[in-house]
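Hello,

Here is the structure for you to open and look through. My notes on it follow below.

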Amino acid sequence: MERHGAHAVGDNMTISDHDSLDPRLRREAMIATFRQLHKAAPSYGARAPGRVDLMGSHTDYNEGCVMTLPIDRDTWIVGAPRDDHEVHVTSLNLGATTSFDPSRPDREPSAGWGRYLHGVAAVLTEAGHPIRGCNTVVHGTVPLGSGLSSSASLEAAAATLFEQLGGFTLDPVEKAKLTQRAENEWVGVHCGILDQYSVILGEQGHALMLDCRSLTHTHAAVPAGLRIVICNTCAPRALSGSEYGERRSQCEEAAAFFARRSPGVRALRDVTVGMFRQHVSGLPPELAKRSRFIIEESERVRALAEAFARDDRAAIRDLASASFAGARDLFEISVPAMESMFEAMRIAPGCIGCRQAGAGFGGCMIAVVDDGLVEAFCRAAAAAYLADTGIVPEIYPIRAAAGAGALRLS
Ligand code: ADP
Ligand code: MG
């Protein structure tokens, strides 16, 4: 039997950036790698998109609303059953293989990234959905660790493959909750439900207005004539690891402060602007800044949906700029590379509005761009950012994609 543990796979088992964006070449490369590794063809395939927030930074764990967009950068996974209980995974992004036994959920996973899959397998098993042993190959076009939720995309794709192999079907909201639990408990990231919900319940062509308390959504449409462009700062991540947890507990502390003054408050979502103004003088200044950002950002989620519906470009610009200013000055999740990118996007041709994406502290940002000027925008924003920082960014338009589902193998 092969030993458990991470090991590198051959150099030939990667997909070039160019091939990975062509679905046919990507599919062929994944199947060829699978055949080479496992001497047989994969029998199932699943995919899940990444996602980006158009408005609503850090509102998810405050039980608020987010406008979130599943994107056409995604994770693919192909697999076939094994005769034993083990799950073997090769990541073509990392050029590495790991394995684990999901029937022994207490085992330490063999590699850091294996915890995402081991976690999903363990959590599904606990929920009464035993995982069938399998060989799998994974490949993602969502940049890793840049705020576009490659982790949730990987979890959702894996859960979908486990459903196919095990012959069971999860309710989509349940699937989002289970994969979130996998990331919370197995990876130790206390993310809210936003990432998993978006990549599982997304529908082709739509942004979602997600209510993170009721776990329901409505559709929002990006106006025809506008494109969303991802602008990855590609700056080394400045997150020490503690900031996200710290912001979360500050929000909880602020919510508790308002709850003591107004019994209906359970989370910052329930604090109105009026309530905030009335009581803010009693809050320590840092908590006042944090909660003001969440309360105003929640208002901006609603306002952006209305601005999209009216195709009101001036409002889109003002809302996006106010969101970034709040992220920088009140929630303090910006870093110098993000400020450079904001300026580079803002002055590029065709830019209607731009702001941060994901949790902040580097990673990706977004711009809403006039469809006819997307190419000029990408060139100008990249050049301005490079000139200012010396870093080559990745800038590309995206489209709204469907949530997790089966992947055609032929
Ligand atoms: P984000 O979700 O914003 O991309 P995270 O830090 O939450 O950032 O998750 C990134 C991590 O997810 C990676 O460092 C890696 O461990 C794991 N991951 C995501 N996609 C893949 C993949 N295709 N292959 C292997 N690991 C992956
Ligand atoms: Mg993540």
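Asn232 has Glu394 of strand 12 as its bridge partner. This is in a predicted model, as is everything below. The two strands involved, strand 9 (residues 226-232) and strand 12, run antiparallel to each other and are joined by five bridges. As a reminder, strands of a sheet pair through backbone hydrogen bonds, either parallel or antiparallel.

The sheet around them is open and has four strands in the order 10-11-9-12, paired in the antiparallel sense. Strand 10 (351-356) and strand 12 (394-398) each have a single partner strand because they stand at the edges, so one side of each has no neighbour in the sheet. From one strand to the next, the twist averages 20°.

Two helices pack on this sheet. Helix 10 (residues 313-329) touches strand 9, strand 10 and strand 11 (364-370), and its direction makes about 20° with that of strand 10. Helix 12 (residues 374-389) touches strand 9, strand 10, strand 11 and strand 12, and its direction makes about 160° with that of strand 12.

Next, helix 3. Just after helix 3, Gly128 has a positive phi of about 95°.

Regards

Definitions and conventions: Residues numbered from 1 in each chain as written. Chains lettered and ligands numbered in written order. Predicted model: local features only at pLDDT ≥ 70, side-chain atom pairs only at ≥ 80, totals over all residues. Heavy atoms only, no water. Pairing = 2+ DSSP bridges. Axes fitted to C-alpha atoms, helices over the stretch in contact; angles between N-to-C directions. Contact = heavy atoms within 4.5 Å.
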